[in-house]
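Visitor: I would like to learn how to read confidence and charged pairs in a structure like the one below. Please take one feature at a time.

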Amino acid sequence: MASGALRRRRGAPFRVSVVLIATALVRLAASAAERTATSGPEPDWHVVSVAALLPPAACTASKVASNWSALHVVHRHGPCSPLQARSAPPPHTELLNDDQARVDSIHRKVAAAASPALEQARGAKGVTLPAQRGISLGTGNYVVSVGLGTPARDVTVVFDTGSDLSWVQCTPCSDCYEQKDPLFDPARSSTYSAVPCAAPECQGLDSRSCSPDRKCRYEVVYGDQSQTDGALARDTLTLTPSDALPGFVFGCGERDTGLFGRADGLVGLGREKVSLSSQAASKYGAGFSYCLPSSPSAAGYLSLGGPAPANARFTAMETRHDTPSFYYVGLVGVKVAGRTVRVSPIVFAAAGTVIDSGTVITRLPPRAYAGLRSAFARSMGRYGYKRAPALSILDTCYDFTGHTTVRIPSVALVFAGGAAVGLDFSGVLYVAKVAQACLAFAPNGDGADAGILGNTQQKTLAVVYDVANNKIGFGANGCS
């Protein structure tokens, strides 16, 4: 009995020592974290003020660096947009649900081209797209303003790398959606002309018809069943006050259904001959570049031609003949906080990766996303941030309420050839509010679906489409 008591007395100081050491280690870790906040960021981490998580209410746009046939790019729902309405922007859930509709449309288009029989079978099972807003391979998130006609009439249009034919709504219009500006009037342009049915531009359209006077008619039906149809025409497109593209082929829409974000139309930058980038290639060179701003309160640019930034890292532009409009890149891996996520490159290569200016959230194969999410959550666990509810398609969210500074692990995308592209903080988190900031990636529903590199991850990068040399480049700090 006495010896047992003695053993308990001897063990007590040992247990107390363990508790003291553990407490000291916790305090040491907290002290180290506090020093990081004041002395600067850790390697491979973003250190951001909570006050900077949400964009300013006013437009802070200044002149962007690129000036080679450059157009001003702004988010259509932000304070810099010429389309801005007095009402508040759509809720985040609505924007993300619309984004899923666009992704579904891309997947259907890729699947139908690769295997028409398989797509027909999917349709027989009742897989349909929600008829919401005119966004699926149609209206995207970023707009530019150009001049059309002579004299030039300013029009604000969405730019989209997933579409080819450019179009605006024209008068007379038998059925047009509501837009902010007056309709384009062909009768007031001295350089407007209709394209004949026999013209190569007409023959190259996916869906066309002829009017009784043998003029070309076009029709584009988007994945959400929105559509535009009208007359195929030519007119002068003015990019900057001193730079114009005569004889630009576009659609003069006379029947347009769906809500296209109050924009006057769309400008297509796809790979087909009718796209703006293809039509402008003989003058500016085969290629274009853009930079999407870090927030809706800032501005970026869209340039036709011109040199690539010196810091651009390139990867091959993959060609898939079954979907010639899309631009593909060879995404082969992901890094979180400087460490490679353990996912085989074969997982990414199964269906390829489309780079798209209109999709908001990057979609990864399920296995790749699971690895990314696990690595990201593990890194965030270092600081014990409170988890927040999921937001639509985004399932890994955090509540930063009460914090003045947050530390977020870096994310880098690795492409074929070894190019590793670090993402801006704005490309890692989708911030709905301070209490709900989410990892800005989502999984595909099927490992056989194409991955999509969305515009959130492209923010602040100079994205260079070097069509002449079949490569795509990414340069950091592209908008500055």
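Visitor: What pLDDT does the chain average?

Guide: This is a predicted model, and its chain averages a pLDDT of 85. A score of at least 70 is reached by 83% of the residues.

Visitor: Now the charged pairs. How many salt bridges does the count come to?

Guide: In general, side chains of opposite charge can pair when their charged atoms come close. In this model the count comes to 9 salt bridges. One of them joins the side chains of Asp-99 and Arg-363, at 2.9 Å from N to O.

Visitor: Are Asp-99 and Arg-363 buried or exposed?

Guide: The cut-off for buried is under 20% relative accessible area. Asp-99 has 3%, so Asp-99 is buried. Arg-363 has 1%, so Arg-363 is buried as well.

Visitor: Which side chain does Asp-160 meet in a salt bridge?

Guide: Asp-160 meets Arg-102, with 2.6 Å from N to O. This pair links distant parts of the chain, 58 residues apart: Asp-160 is in strand S4 (residues 153–160), and Arg-102 is in helix H2. Both Asp-160 and Arg-102 are buried.

Visitor: And where do Asp-395 and Arg-373 lie?

Guide: Asp-395 and Arg-373 form a salt bridge, their closest N and O atoms being 2.9 Å apart. Asp-395 is in the loop between strand S20 (386–388) and strand S21 (397–399), while Arg-373 is in helix H8 (residues 366–380), so this pair ties together parts 22 residues apart in sequence. Asp-395 is partly exposed, at a relative accessible area of 30%, and Arg-373 is partly exposed at 32%.

Visitor: Which residues do salt bridges that share partners join into one network?

Guide: Arg-102, Asp-160 and Asp-356 are joined into one network in this way.

Notes: Residues numbered from 1 in each chain as written. Predicted model: local features only at pLDDT ≥ 70, side-chain atom pairs only at ≥ 80, totals over all residues. Heavy atoms only, no water. pLDDT = per-residue confidence, 0-100. Salt bridge = Lys/Arg side-chain N within 4 Å of Asp/Glu carboxyl O. Buried < 20%, exposed > 50% of the residue type's maximum accessible area, 1.4 Å probe, protein only. Helix = DSSP H or I, 4+ residues; strand = E, 2+ residues; numbered from the N terminus.
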